[in-house]
Amino acid sequence: MSDARRTLVSARGVHVVTGHIPAVASGFDAEDPDELLGTDAATLRTLDATRVASYLTARRWVRDIVTVRLRRPWRGFEATPRGVKPRLADSTLDVSIAHAGDRLVVGVVEHGRIGVDIELVASVFDQPSLARRLCTPSERRRADGLGPAERRAWLTQLWAVKESYAKALGVGLALDFRQVDAAGLRHRDAVRGVLTPAAGTSHAKIAVSWVTAAPPRSRSTIRSTG
Ligand SMILES: CC(C)(COP(=O)(O)OP(=O)(O)OC[C@H]1O[C@@H](n2cnc3c(N)ncnc32)[C@H](O)[C@@H]1OP(=O)(O)O)[C@@H](O)C(=O)NCCC(=O)NCCS
């Protein structure tokens, strides 16, 4: 499924596609939105025009994982309100989606729940208020010991890890990131992978969290490729 625009990584029932949305999104006119989106098709009409290509591309990539990689039937998405984790119709698979500029990450797990996030390394991560909202006390001490460029990249990645975890749980930004020790996650609730393409210098930080289907305070391990 990998091509010039996207890359598939699959391991242990976790399937993640990362890449760029096409500059000219072809084929959407010909596509039946009901087949792709299921009962969530109504959402399409509510989207700003700039969001349509990204929204549809994400759903196409999810469908490709489900039908090509996993060889499962495709019944679209359930209609969910904005701010609620997307759900596949008539499926035990769990799915997560993240957008940043022209970049996209989608993930599907066969068991448990998945959260993905992508963040662009940017000056917003230099703001003291952001570090206060994001970090545990020990994470702030570590950030304060880094040089400016490293600090920005590290905080961007930290945000991506915590947001991916929040999205796996389905709670989004309602999660208090200051209460989540990112390093401790490795020993707590779930198996997590952190993908950081071209780690260190990359402009984008991608994180993937996979949590067991059990309530989020069960045992866990972590796998990190970042
Ligand atoms: C989920 C959330 C963390 C997304 O953050 P973001 O940085 O703006 O956007 P991202 O690109 O990383 O993620 C967007 C995707 O998250 C997914 N998502 C939305 N709510 C989610 C939730 N509660 N849990 C997991 N995933 C969620 C959606 O698939 C969305 O993509 P889509 O618009 O193509 O459907 C944030 O919007 C949030 O906390 N939402 C919940 C609370 C909320 O928004 N309430 C307002 C309701 S009107």
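Predicted model: local features only at pLDDT ≥ 70, side-chain atom pairs only at ≥ 80, totals over all residues.
# Notebook: a chain, its core and its ligand shell

**Elements.** I went through the secondary structure next and found six helices and seven strands in the chain. Reading from the N terminus on, I wrote their order down as β-β-α-α-α-β-β-β-α-α-α-β-β. I also looked up the contacts between residues at least 6 apart in sequence, and 62% of these join residues at least 24 apart.

**The nonpolar core.** I then turned to the largest nonpolar core, which has 42 residues, and I noted that V62, V105, V106, I114 and V116 touch the most other members. Two or more residues of this core come from each of β2 (14-20), α3, β3, β4 (103-109), β5 (113-120), α6 and β7 (204-211). Helix α6 gives the largest share of this core, eight residues. I checked the domains as well, and this core draws at least three residues from each of domain 1 (6-111) and domain 2 (116-211). Looking at V106 by itself, and not counting residues up to four places away in sequence, I listed V17, A58, W61, V62, I97 and V116 as the residues that V106 touches.

**Helix α6 and K162.** I wanted to see whether the length of α6 made sense: its 22 residues, at 1.5 Å a residue, should span 32 Å, and the end C-alpha atoms are 32 Å apart, so the two values agree. Just after α6, I found that G170 takes a positive phi of about 85 degrees. Within this helix (residues 148-169) I picked out K162. Is K162 buried or exposed? K162 counts as buried because it has 27 C-beta neighbours inside 10 Å, and the cut-off for buried is 20 or more. Leaving aside neighbours within four places in sequence, K162 is in contact with L134, F177, V180 and A182. For K162 and A182, which are 20 residues apart in sequence, I noted a C-alpha to C-alpha distance of 6.8 Å.

**The ligand shell.** Last, I looked around the ligand, where I found 17 residues, and G83, K85, K167, G172 and L173 come nearest. By class, this shell has seven nonpolar, five polar and five charged residues. At least two residues of the shell come from each of α3 (49-69), β3 (94-100) and α6, and β3 supplies the largest share, four residues. Domain 1 (6-111) and domain 2 (116-211) each give the shell at least three residues.

Notes: Residues numbered from 1 in each chain as written. Buried ≥ 20, exposed ≤ 12 C-beta atoms within 10 Å, placed from the backbone. Contact = placed C-beta atoms within 7 Å. Expected span 1.5 Å × (residues − 1). Near = placed C-beta within 6 Å. Nonpolar A, V, L, I, M, F, W, Y, C, P; charged D, E, K, R; others polar. Domains from an automatic or database assignment. Core = buried A, V, L, I, M, F, W, Y, C linked by C-beta atoms within 7 Å.
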